[in-house]
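Biologist: Could you walk me through this model, one question at a time?

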Amino acid sequence: MPLLETRGVTVRFGGNTAVDDVSLTVAEGQITGLIGPNGAGKTTMFNTITGLQKPASGQVLLDGADITKLPPAKRARRGMARTFQRLELFLSLSVRDNVRVAGDVRRSTGRRRRFDLEAETDRILERTGLTDIADQEVSDIPIGRARVVEVARALMTSPRVLLLDEPASGQTEQETEAFAEMLTGLAADGLAICLVEHDLPLVMGLCSMIHVLDYGALIASGTPAEIKESPEVIAAYIGTEEAA
Amino acid sequence: MKVDKIGRLAAGALAVALVASCTSERSGTALIQGGGADGGGQAAASAEKFGTLPSPCGPGDAKGATDQGVTDDAITIGYGDDRGFASAPGLSKEMGDAVSALIDWCNGQGGINGRKIEGNQYDGAYMHAAKVMQESCKQDFMLVGQGFAMDDAAEQYRVACKLPTVAGFTVGPNAAMGPMKFEAVPYPVDRMNIGSLRIAQEMWSDFDGKTDVLLSTSPAVTTGTNKVKSAMKQVGVEPLECGVRLNDAGESGYMPFAQKIKECGAGYLWSSDSPDPGQFSLLESVKRAGAEPKYLMEATWYSTKVSEWNKGSGAGDNLHAGMIFQPFENAAEVPAVEQYMDLVEAKDGKVALLGMQATSSFLLWATAADECGSDLTRQCVVNELAKIHEWTGGGLHAPTDPGANKPASCALVVKLTGEKWEQVFPKEAGEFSCGDDYVVETDPKTWGTELNDDRTSTKFLTDDVIKPQTS
Amino acid sequence: MTTFLTYTILGLVLGAVYFIAASGLVLTYNTSGIFNFAHGAQAMFGTFLYWQFTNVWGWPVWLALVIVVGVVGPAMGAALHAVIMRGLRGTAEVTKIIVTVAVLLGTVYLAQWAWNPDEAYTVDMFFGGGAKITVAGVVVRWHEIVCLAAAVAIAVGLRILFTRSRTGVVMRASVDDPDLVRLNGHDPERAAMLAWALGSTLAVLAGVLIVPISGGGLDANMLTLLVIDAFAAAMFGRLRSIPRTFAGAIVLGLAANYVLAYMPSAGTFAGNLRVSLPMILLFVVLVVLPQDRLRGAAVRTRERYRPPTVRSAAVWGAVLVAVVYLYSLLLSDGGVSTLALGMSFAIIALSLTVLTGYAGELNLAPLAFGAVATVVAFHFGVRGSGLAARLGVHGVLLGVLAAAVVGGLIALPALRLRGLYLALATMAFGVFLSNMVLRDTTQHELFGVTFTLFPGGSLVIPPPKLGPVDLRDGTTFLMTATVLFALIAIGLAALRAGGYGRRLAAMKDSPAATAMLGQNLVRLKLGVFMISAAIAGLGGILMSAATGTVAQENFTFTVSLSLLMLVVVAGIGYISGALFGGLMAGVGGAVLVGTFGDLALEHEGPAEIFTALSHLVMVLTALVGMGVGKNPSGVVHDIVEGYRAMRGAKPLLYGAAAFGAVLYVLAVTGVIGSWTFSLIALSVVMLLPVVGRMVLEEGRKRETPLELLGVDEPYTDDVRARLDQELGLPVTSVKGEVSATA
């Protein structure tokens, strides 16, 4: 059974259908890719899964339970975490505090009240390779590393499923390599990861399962090898390149 | 950048020019101008009198630092008003202007028994009455002719430091009934002058059955109207209850209220409110609605603000105000009024009804202080003040009983036509109409404080206050 | 039937008036994202000018109208945009609100200066009040018909502008995405300026139309606040839709008239309720508004604050207590109680620091919570009578508790709302409380208990007695208030440094991301709102006790606004900002105005100048508020940064300290007056960073800016390493590899 599942999710903005009847799954211990041209509805999909956007119809299930009506905070408490494409860091806090505050929330909401906040923060910073800039203001660090801070913050909530919205954009090649390695490690520890990314080689290399969106509709799902061969996907990507 | 700067400069210049052009037109608060020139000569001629009152001021050989604020050659008194109140700049400015003019007048004659008067002028600025009182406690012999709207906030400090006062006016019930407090024109909470109601009954035969009281959401005005309503019932007037209660912060439209008044058929309207733009708008709307009630207002309506307004509008042509003061129009008949106006105008001060009240209080104090001679103490002044039971401030107002803190039992009524005020009752200008039934006792529920057997507020009363000693 | 028709027509006219007022608000909000609190003040100022032109300068009505509506209105709007509003992009919501509040206050002060409020001003109807027609037995004036027609014309015009015209579309887009507008070849600033000019014109037009209808009486405060009633109408259209705003305005106008005509509204309670109607409607509309989507930190706001450590807060708290004590020795009794009053305002200001500075939420009526606490403390906490009366600890605690509970109750329905809407909800509550409680002088009976909420319209609040500490004595009061301020400040610093504070900061920076950490935002907001209300309650009780007797006027909305404005000017993220802002709002303005007033009394010659200066002080405080857009972090931020830079200049600091000590000795011994001392000391504190910077810069070579590295000097490995670090590149990277993943 997949950990995260959507069934027939449709989202409308006014008269426009941004996401049209999308059903997809994200499994435990795997990295699942969600790709598609700009405006395909990837971020809208993330917003719907996390509760920031209400779907017109359809369901979101986490661990088999219907969470469609739950507010974002409750979903987070059930083990959902995400990063944002447009960075949503806490600009008045340092890197360490950005991570630590996730632990503060965890403590205050009753899940695992007792844990060593400092040690946990240090561990996450270490694992994400942020220790060297831990005491800098987040507004001062480069964008590539800021994205890692968002991941670190998300990890601090001890999630079961992690949704990453274009985490590699703005990263240098070295950073991307280290990042990919970290994701593989996290998945190996049992985390379900869903990745929205434009860096296709990265997605193809990391993911065991890929969903492709175009104009709000799911046009293909499968392993990287299957996706590479899919005529719909090729058409969608060539189409956009012509447009661009 | 440069354009910004020039723009800002230009805007600043425009603002300054506007302000200048407006302020220069403002000084015309006085009702009658041009009296200043011959006023000087007259002041010299009547140096020994204020109206009909023999001047309490003059040279003498008083000596000794007999009490706080008193030295061999000076007496320090405090006075003031709320002129610095940000929401209403210049509030009760006429109080300070009057006392300051009177101090000069008195010193011009040599002071009181040769001791010159030094005045500390305070600005209560509405919110800071308590602070002002603490300052005064430290340095003044007495507080004289002052008028602070929030005097109740200052009362506890005054009583605590045993500072006697001859107030210009009092507002709070505890201040009005406080120990060691005298006023030339007392408005005690337990008694009320209803002269204007009595006169109205005499002037208009249908007054009893066709009168309504205008209500306000302002607590202060409500206290006033409650008293008037209960007094009306005592004298046989049954208010119509037309159901008009105005927002004292302003209504977005007054026409519906005017409509109500018209439908209710009110022939006479009483208001305890003071003249403000909202009230003007109501009167204007009543006129537009086609109703023509007569208005009977408090003395505060007798002001240039109202007459200036009515010059353009005419909606106040049926406006009557009951007063126990002589109107300025009677200056020709009443020398004291003329003298007050001359003295204040000579110093570019504001001439208004309350200014006369402050003047009368100053004269009352000076008269008592004069009686004490060289041995000027607070106790002595309090003793002397308590003995005075008939006081007109040299003719400024109807006789009152400051010694017993009782109001006048007389009144006159003035009427507004265009921008002109005129005494309409009694017919003889300068005369008052008096009667024992002009004063009624009020319902203790409306007092706002508790009084002891001496009719003194018990709120801050201690055993250690200066009480009049009869010797 | 005629009665019904009459009230209906009056209601329609009033509705038209509300709509004209609300339409300008909707226009500016839609196009610049700024909710213009000064809209009514602009209307007022324009109307005063109209009065000046027609009544004093004798211009004909048409000419005055053309100049005021055609020239003054647009010019005022364009100037506001050019000088002030344009600088507000990328600032927090509170900054935007405060700037318009400052414009409101400044305009009112200026009008009171130019047009003495002691005189009567009346504006006549067009064609005179006598020009009327009778329809079905109902008299309608031409002016009223003009007003109705104008409302319809404006509604249609704006609707067409927004939906059909290119300019309108650009206007609307320029608030959502100015960059996109720029890309499409339009200038968003020009669109915004046009919108401000148009909005201001509508304001002026509204003023000239409204005032004669209401009866002609013109008053600076009244007209300014009248437009606030129109907020409900604007909110009915969610600040976006013109047709809905129109409908809301008409409903509001009709409701006000029908209530007056057919419901008892003369009783104290009923009358107060009728007066509160627009605010009640505003609150209801706000509460039933659909919830916004969770906001992210899409815009990087320019406000920056450095939170203090608990340790430094404690040290500075001790310093504050010591300084205030030493300073109090210089002051007269009156001065001490004035300072105590200021300190209680500073405590109220702390409630804003935690709410707005830390959590990013807004409360426009902090004093309303002070009023709640005061009323409760008065009824349950006064022991003894006469001069021996004291306010017991239990009274203070009960009052504080009540403020917290009421704060929670008010906030709960409003908490799902965004900053501006929450701010408006608190405003509605503040005005409502002022109308319903602070004017409630009649006896009630509830559950067999008779009580009067606000007997006589004013409450005598005796000095508190906190255990053995009797606050009757002025200095004791001042020191207690100061210690309380310091303790709360240390508490807030601890709160900010801890997990709770971090969660607040997170919520302020990005509500969406905070929710995604599992944080229940409503609970967090509710908690901080209650803490804030409790602090405001404590400050309010102290303020009331320091004043002695309080009435409705002590808690008005305007006082709350000027407090908030001054705290923002000083720096709402800083505890010291609360101290300065609170002192200024509580007593600073009054002291300055009073000083000039006293000078005017003492010197007859230049009296005019001093009087003018005292007016100028009021206008200037508002000007400072308008300038907050240039420096949204506040004045304290600059000073703190200045001193931070001076840590290297130890001799200078020691010198200044020594100078201060000498100055103080001179003041204690009476060689110089306390005024002179205050002025010199203040100047030294303000100027020291400036002097320090000059001294420091002389000794140090200026660092080369990044982009000029290697131009005038050799390009060393060090320089390259620094560049890499600044650009966030891996130090080892070689050129050419970098762009691969971009």
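**Chains and backbone**

Modeller: Chain A and chain B share no contact (heavy atoms within 4.5 Å), and their closest C-alpha atoms lie 29 Å apart. This is a predicted model, in which local features need pLDDT of at least 70 and side-chain atom pairs count only at pLDDT 80 or more, while totals for chains, interfaces and linings use all residues. Residues are numbered from 1 along each chain as its sequence is written, chains are lettered from A and ligands numbered from 1 in the order in which they are written, and side-chain values use heavy atoms, with hydrogens and water left out.

Biologist: Which chains have the most contacts between them?

Modeller: There are 2 pairs of chains that touch. Among these pairs, the most contacts are between chains B and C.

Biologist: Where is Pro426(B), and what is omega at the cis peptide bond that joins Phe425(B) to Pro426(B)?

Modeller: Pro426(B) sits in the loop between strand S15 (420-425) and strand S16 (433-434) of chain B, where strands (E, at least two residues) and helices (H or I, at least four) are DSSP runs numbered from the N terminus. For the cis peptide bond between Phe425(B) and Pro426(B), omega is about -15°.

Biologist: Is Glu166(A) buried or exposed?

Modeller: Glu166(A) belongs to the loop between strand S7 (161-165) and helix H6 (173-188) of chain A, and its phi is near 50°, a positive value in a residue other than glycine. Buried means under 20% relative accessible area, exposed over 50%, and partly exposed in between (1.4 Å probe, protein chains only). Because its relative accessible area is 9%, Glu166(A) is buried.

Biologist: What is phi of Arg455(B)?

Modeller: Arg455(B) lies in the segment after strand S17 (439-441) of chain B, and it counts as buried at 17% relative accessibility. The phi of Arg455(B) is a positive value in a residue other than glycine, near 60°.
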